[in-house]
Amino acid sequence: MIKLKIVLIGPSKSGKSTIANFLSEAIDYTNTEYRPTPGVRILEFELKNNESSQTEIELWDCSGEMRFESYWPVFLWNAHGVILIYNPEDVEQVSQLERYYEQFVTNSYVPKKNTLIMAHTKKSGFKAPMPDFGDEMSKTTYERVNIFEDSDKLRNVFENYISMVVTDAVDFDQDDLSHFSMSL
């Protein structure tokens with residue numbers, strides 16, 4: 001079984017914990033009362049890849065508060081992927097997202113292709129246009145999600161993302177093994 005560490009990060013009040021709760025089936029995700037995450041919450045669950053294999057997911061639901069910025073390197077340690085979540089209804093979160101991208105993707109060892117941006121809206125029918133991100137960030141996979149309107153889409157987006165990260169992790173492990181055997 002493959003084990004993946006996925007980091008969820010983004011501005012405060014963007015819906016990271018709601019999405020983490022839904023994906024992990026940990027607790028009721030429909031509770032809309034805001035409770036900030038103190039530092040980080042780690043949720044572990046299994047995701048079926050196909051008929052014969054499963055992936056163990058370690059989902060790190062990281063606080064978006066800047067007072068935890070000094071812990072960000074710890075959150076990223078050995079991460080296989082990063083999901084950046086923001087609320088497009090809040091224009092300030094778009095500019096904040098660029099800082100998270102820089103810290104969690106540009107300045108990390110996580111492959112850029114293992115990054116996903118989720119525009120998580122809470123308003124019914126809200127269709128925000130994709131922001132004009134910088135050159136590098138605009139190449140990142142971008143998905144609009146609304147957990148309350150289309151939870152199936154959110155689950156499909158996540159499962160497709162995990163499949164891509166699993167492929168990358170398996171390729172990386174195979175490369176590591178070939179280098180090891182060559183040095184013997």
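In helix α3, the buried residues are Gln 93, Leu 97, Tyr 100, Tyr 101, Phe 104 and Val 105, where buried means under 20% relative accessible area with a 1.4 Å probe and protein chains only, exposed means over 50%, and partly exposed lies in between. All of this comes from a predicted model, in which local features need pLDDT of at least 70, side-chain atom pairs count only at pLDDT 80 or more, and totals for chains, interfaces and linings use all residues. Residues are numbered from 1 along each chain as its sequence is written, and side-chain values use heavy atoms, leaving out hydrogens and water.

Let's stay with α3 for a moment. Helices here are DSSP runs (H or I, at least four residues), strands likewise (E, at least two), numbered from the N terminus. The 16 residues of α3 (residues 91–106) should span 22 Å at 1.5 Å a residue, and its end C-alpha atoms are 22 Å apart, which agrees; the expected span is 1.5 Å times one less than the number of residues. Asp 90 caps the N-terminal end of α3, with a side-chain oxygen 3.1 Å from the backbone nitrogen of Glu 92. The buried residues of α3 pack against β1, α2 (72–76), β4 and β5, contact meaning heavy atoms within 4.5 Å.

Now to the sheet. Its six strands form an open sheet in the order β2-β3-β1-β4-β5-β6, with mixed pairing; two strands pair if DSSP finds at least two bridges between them. At the edges, β2 and β6 (141–145) each pair on one side only. Inside the sheet, β4 and β5 run parallel and are joined by five bridges; Tyr 86 has Ala 119 in β5 as its bridge partner.

| Helix | Strands touched or crossed | Angle |
|---|---|---|
| α3 | β1, β4 and β5 | about 170 degrees with β4 |

Finally, the interior. A nonpolar core is a set of buried Ala, Val, Leu, Ile, Met, Phe, Trp, Tyr and Cys residues joined through side-chain atoms within 4.5 Å. The largest one has 26 residues, and Ile 6, Ile 57, Leu 59, Ile 83, Met 118, Phe 158 and Ile 162 have the most contacts inside it. Helix α4 gives the most to this core, with eight residues. Another core, of 22 residues, lies apart from it and includes Ala 79, Tyr 100, Ala 119 and Tyr 142.

Terms used
Polar contact = N/O pair within 3.5 Å; in protein donor to acceptor, adjacent residues only side chain to side chain. Axes fitted to C-alpha atoms, helices over the stretch in contact; angles between N-to-C directions.
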